[in-house]
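I opened my notebook for a slow walk through this structure. Here is what I looked up, entry by entry.

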Amino acid sequence: MSPESVRANYERIRGEVGPGVTIVAATKYVSLEDLAVLAEAGVEVVGENRAQDLEAKHARYGEAFRWHFIGHLQSRKARTVNELCELCHSLSSETAAKRLEIPALVEVNLSGEESKSGVPESGLEAFLAHYDDVRGLMTMPPETDDPEASRRYFRRLRELAERYGLRELSMGTSQDYRVAADEGATMVRLGSILYQG
C-alpha cells in the first residue's frame, strides 16, 4: 500500500460518488504503521470497528483524521467512542443509547439476517425515541457479487430516512458503493478498494 496508490484510488472514487458523499476509510485491517500512508494520501475520515483498536490508533494519529466508529457498539465501549469519535454509525441497542453522547446513525437490519446487528425496520420508530442526537441511518445489505442486489436495501433505507426527517445515510462498501451513491448515500465505508495498488 503506497500513498500514491491510495491517493489515486481516493480521488477516483471521490469523482465517482460526487462531492456530497463522505468517504470513510474503514481501518479494521489497516495496521498502525499503515495509517501514516492514509494520512499522506489525503484521507480525511477513518472508521474503526473495534474500540481497543480505536484507542491505539487514535493515540498515535488522533490529529491526522476525523474519527468515526463503524463497528458493533457495545455499551461498555461507549465511553471510548464518546471521547475519540465525532460520529457513531452503528447505534442499535438501548443500553448503548443510554451511554452514547455523540451524534449517531441508527443501524437498521433490513435483510433480517440474524448474523447482522441492527434494529429491525419494524422497531425503528420506537428506537428513535431512545436517542436525542440521531443524524441518520446505516445498513449492511447481504454480501453479494452483484452490486445491483444491494439497491433495494439502499433505496429502503433512504425512504426510512426521509420518513423520519433524517439527513445522513451511511451505506455502501467496496462491493457496492456506486449503487449506494446512486440511491442517496451521504457516506460510504470503503476498505479494500481504497488500498489496492
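**Entry one: Asn82**

Is Asn82 buried or exposed? I found that Asn82 counts as buried, because its relative accessibility is 15%. My cut-offs are these: buried is under 20% relative accessible area, exposed is over 50%, and partly exposed is in between, with a 1.4 Å probe and protein chains only.

Before going on, I noted that this is a predicted model, where local features need pLDDT of at least 70 and side-chain atom pairs count only at pLDDT 80 or more, while totals for chains, interfaces and linings use all residues. Residues are numbered from 1 along each chain as its sequence is written, and side-chain values use heavy atoms, with hydrogens and water left out.

Asn82 is found in helix H4. Helices (H or I, at least four residues) and strands (E, at least two) are DSSP runs, numbered from the N terminus. I then listed what Asn82 touches, leaving out residues up to four places away in sequence: Arg99, Leu100, Glu101 and Ile102. Contact here means heavy atoms within 4.5 Å.

With residues up to four places away in sequence not counted, Leu100 touches Leu73, Ala78, Val81, Asn82, Cys88, Leu91 and Tyr131.

Next I looked up nonpolar cores, which are sets of buried Ala, Val, Leu, Ile, Met, Phe, Trp, Tyr and Cys residues joined through side-chain atoms within 4.5 Å. The largest has 57 residues, and Leu38, Val81, Leu91, Leu100 and Leu137 have the most contacts inside it. Helix H7 (residues 151–163) gives the largest share of this core, five residues. Apart from it lies another core, of eight residues, including Ala26, Ile70, Met138 and Met187.

How many disulfides does a search of the whole structure find? The search finds zero. A disulfide is counted when a pair of cysteine sulfur atoms lies within 2.5 Å. For Cys85, the nearest cysteine sulfur is that of Cys88, 7.7 Å away. Cys85 is buried, at a relative accessible area of 8%, and Cys88 is buried too, at 0%.

I moved to helix H1 (residues 3–17), which has 15 residues. From its first C-alpha to its last, H1 reaches 21 Å, close to the 21 Å expected at 1.5 Å a residue; the expected span is 1.5 Å times one less than the number of residues.

Which residues of H1 are buried? They are Pro3, Ser5, Val6, Asn9, Tyr10, Ile13 and Val17. Seen down the axis of H1, they fall within an arc of 165 degrees, so they line one face of the helix. The arc is that of the directions from the helix axis to the C-beta atoms. On the other side of H1, Glu4 and Gly15 are exposed. The cover over the buried residues of H1 includes strand S1 (22–26) and helix H8 (177–182). Gly18 follows H1 and has a positive phi, near 90 degrees.

**Entry five: helix H3**

My last stop was helix H3 (residues 51–61), whose buried residues are Ala51, Leu54, Lys57, His58 and Tyr61. Down the axis of H3, these fall within an arc of 125 degrees, so they line one face of the helix. Among the elements that cover them are helix H2 (35–41) and helix H4 (78–84).
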